[in-house]
Amino acid sequence: MNSEFVGKASHLSQRHPMAVLLSAVAVLHVIVNLQFSGPTYTADEIGYLYNALTLSGAKIEAASSYHLGYALFLAPIFALQLGDWATWIGIVFVNTAFLLGALYFVNATLKVILPDEGGRLWAIGLCGIYPAMVAFSGYAFTQPAITFFFALACYALVRNKGSETQNLTVFGLTVGFLYWIHPTALALAVAAILALSFRCYVSRSSVFASALAVALMVTLMLLHKFIAHPALVDAMAPQN
């Protein structure tokens with residue numbers, strides 16, 4: 001029985017090495033963070049959790065400057081009203097999913113620039129077990145979400161499949177949404193615009209797709225700054 005199981009596992013790892021690697025990373029992240037039953041009561045965690053509670057329909061008078069992008073993914077967990085421990089484990093699973101997704105898109109990006117599969121597997125494996133990456137699965141911080149959307153943006157920028165307009169549309173939307181998650185994404189937006197400008201300088205055929213990406217990026221950022229976030233702050237402000 002054991003030899004049969006080992007044989008099947010070996011066959012699976014040979015046919016789908018990335019799937020096996022990501023599964024092992026997921027198990028590691030969950031096991032390490034199951035020992036915790038709630039946030040560490042840092043201001044950031046409480047701010048994002050209050051945002052998520054408000055988005056789930058709860059009434060909390062705790063308006064803050066924390067952006068609401070990360071809370072969008074936590075709100076459904078609070079809406080289920082599973083209890084404290086189950087809710088926290090749900091947050092751990094969301095963070096783990098973000099980090100696994102980031103590794104997937106890092107792998108996809110490396111396929112474009114690093115054809116050697118062995119090298120990619122080593123790179124993804126080392127990233128997956130990096131202590132800081134494992135630890136952040138157990139906090140209600142924005143880092144897992146930022147890592148995921150940043151990796152997706154990088155892949156969209158270098159993707160050599162599909163049309164350039166499609167790829168840069170995803171790039172623009174992703175960079176714009178990163179600002180919904182954290183204000184430091186403003187620096188990333190500037191870098192993205194510079195990268196797109198250089199792309200247009202190299203190839204004039206990229207002008208339309210790049211301009212569309214910038215327009216989507218800026219629109220999303222303005223939407224958060226002047227509509228979405230003020231609405232959340234208003235909903236969380238004391239009524240008297």
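This is a predicted model: local features need pLDDT of at least 70, side-chain atom pairs count only at pLDDT 80 or more; totals for chains, interfaces and linings use all residues.
Residues are numbered from 1 along each chain as its sequence is written, and side-chain values use heavy atoms, with hydrogens and water left out.

**View 1. Y104 and F105 form an edge-to-face ring pair.** (Buried means under 20% relative accessible area, exposed over 50%, and partly exposed in between, using a 1.4 Å probe and protein chains only.) The two ring centres lie 5.2 Å apart, with planes at 80 degrees. Rings of Phe, Tyr and Trp (its six-membered ring) pair if their centres lie within 6.5 Å; planes under 30 degrees apart count as stacked, over 60 as edge-to-face and the rest as tilted. By this rule there are 17 aromatic pairs. Ring pairs also link Y104 and F105 into a cluster whose members include F73, F98, F149 and W180.

**View 2. The largest nonpolar core holds 46 residues.** Such a core is a set of buried Ala, Val, Leu, Ile, Met, Phe, Trp, Tyr and Cys residues joined through side-chain atoms within 4.5 Å. Among those with the most contacts inside this core are Y70, L74 and M217. Elements giving two or more residues to the core include α3 (43-55), α5 (84-113) and α11 (207-236). (Helices are DSSP runs of H or I, at least four residues, and strands are runs of E, at least two, numbered from the N terminus.) A second, separate core of nine residues includes L22, L99, L103 and M133.

**View 3. E164 and R199 meet in a salt bridge.** This term means a side-chain nitrogen of Lys or Arg within 4 Å of a carboxyl oxygen of Asp or Glu. The structure holds one salt bridge, with an N to O distance of 2.9 Å. The pair links distant parts of the chain, as E164 lies in helix α9 and R199 in helix α10, 35 residues apart. E164 is partly exposed, with a relative accessible area of 24%, and R199 is also partly exposed, at 24%.
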